[in-house]
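Hi there,

Here is the structure I promised to pass on.

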Amino acid sequence: MTEKEKLMKELSQAQFAAIETAMFLDTHPKDKKAREAMKLYREKFKNAKHRYEEKFGMIDIYSPNNDENKWSWVENPWPWEA
Amino acid sequence: MFVYEKKLQFPIKIKNPNAKMAKFIASQYGGPHGELGASLRYLSQRFAMPYEELKATLTDVGNEELSHLEMVGTILYQLTRNLSEEEIKDAGFETYFVDHTTGIYPQAASGTPFSAWSIASTGDVLADLNEDLAAEQKARLTYDNILRLVDDPDVREPIKFLRERELVHYQRFGECIRLAQDRLNCKNFYAFNPSFDK
């Protein structure tokens, strides 16, 4: 696995945990344990996203554009092109 | 509103193209139990939902289905990359190829284009939620059938992930039905529409 793939995996794992927990919270909005877990996953996701963006580029259009000469959002590969 | 994230929900990297597989996996893109219908169903139904937990669930599940649509599209794209004319003919892919080349088009495995007839949005809480439970099971069984027909692990892994998500969504919709029924008046014994028939 390349470093990019490793970081993407870490990001996706944290994001998956957050998505799953958020969906559980939708039907159990008062569940304290799940709300606590959500805090942890959100932090893990934010942290991994930040590190990914610094090294490998934009995740969404609000990510920092690290290329001084162009809008790097357009750069290949797109997600379906692995 | 929606914001695009330049990533897949689950990684997909298919080494060997296989047009034969693409022919039937296409059904989960635009077929009767596919991800396009799933996302439209939930994202449309939520406007008429009276309860906050249910609006949240339909929004988040509908949103996740769009990520699944992208995953199925990715599988189809990678399965039909760099095909030779010979491979297209041998796989019986020419009936798709003649209209779409290797572009991704929402249709059932049988070739029928995507139809909104495959979804319902009734404005009735219990009718919609029962539709949603059935829809998750129909998507799950389609993935089960795909897994019966596919041996390439590069394809099986993302399909197994998608199948598992149907189970979780089914569980959440089951909880939604309970939440809705808990709020019905005790005189509303036959569970008619609480948002319209007051």
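**Helix packing around helix 4 of chain B**

Helix 1 (residues 3–27) of chain A packs against helix 4 (residues 52–79) of chain B at an angle of about 155°, and their axes are 8 Å apart. Please keep in mind that this is a predicted model. Angles over 145 degrees count as roughly antiparallel, and helix 1 of chain A and helix 4 of chain B are therefore roughly antiparallel to each other. Their crossing is left-handed.

Which residues meet there? From helix 1 of chain A come A:Ile19, A:Ala22, A:Met23, A:Asp26 and A:Thr27, and facing them in helix 4 of chain B are B:Glu53, B:Ala56, B:Thr57, B:Asp60, B:Val61 and B:Glu64. Sorted by class, this contact has 5 nonpolar, 2 polar and 4 charged residues.

Helix 4 of chain B also has a partner within its own chain: its axis and that of helix 8 (residues 153–182) of chain B come within 11 Å and cross at roughly 165°. These two helices are therefore roughly antiparallel to each other as well, and helix 4 of chain B passes helix 8 of chain B in a left-handed crossing. On the helix 4 side, the contact involves B:Glu53, B:Leu54, B:Thr57, B:Val61, B:Glu64, B:His68, B:Met71 and B:Ile75. Helix 8 of chain B contributes residues including B:Val155, B:Pro158, B:Leu162, B:Arg165 and B:His169. By class, the contact between helix 4 and helix 8 of chain B has 10 nonpolar, 3 polar and 4 charged residues.

Best wishes

How values were computed:
Residues numbered from 1 in each chain as written. Chains lettered and ligands numbered in written order. Predicted model: local features only at pLDDT ≥ 70, side-chain atom pairs only at ≥ 80, totals over all residues. Axes fitted to C-alpha atoms, helices over the stretch in contact; angles between N-to-C directions. Helix = DSSP H or I, 4+ residues; strand = E, 2+ residues; numbered from the N terminus. Parallel < 35°, antiparallel > 145°, perpendicular 65-115°, else oblique. Left-handed = near helix turned anticlockwise from the far one by under 90°. Contact = placed C-beta atoms within 7 Å. Nonpolar A, V, L, I, M, F, W, Y, C, P; charged D, E, K, R; others polar.
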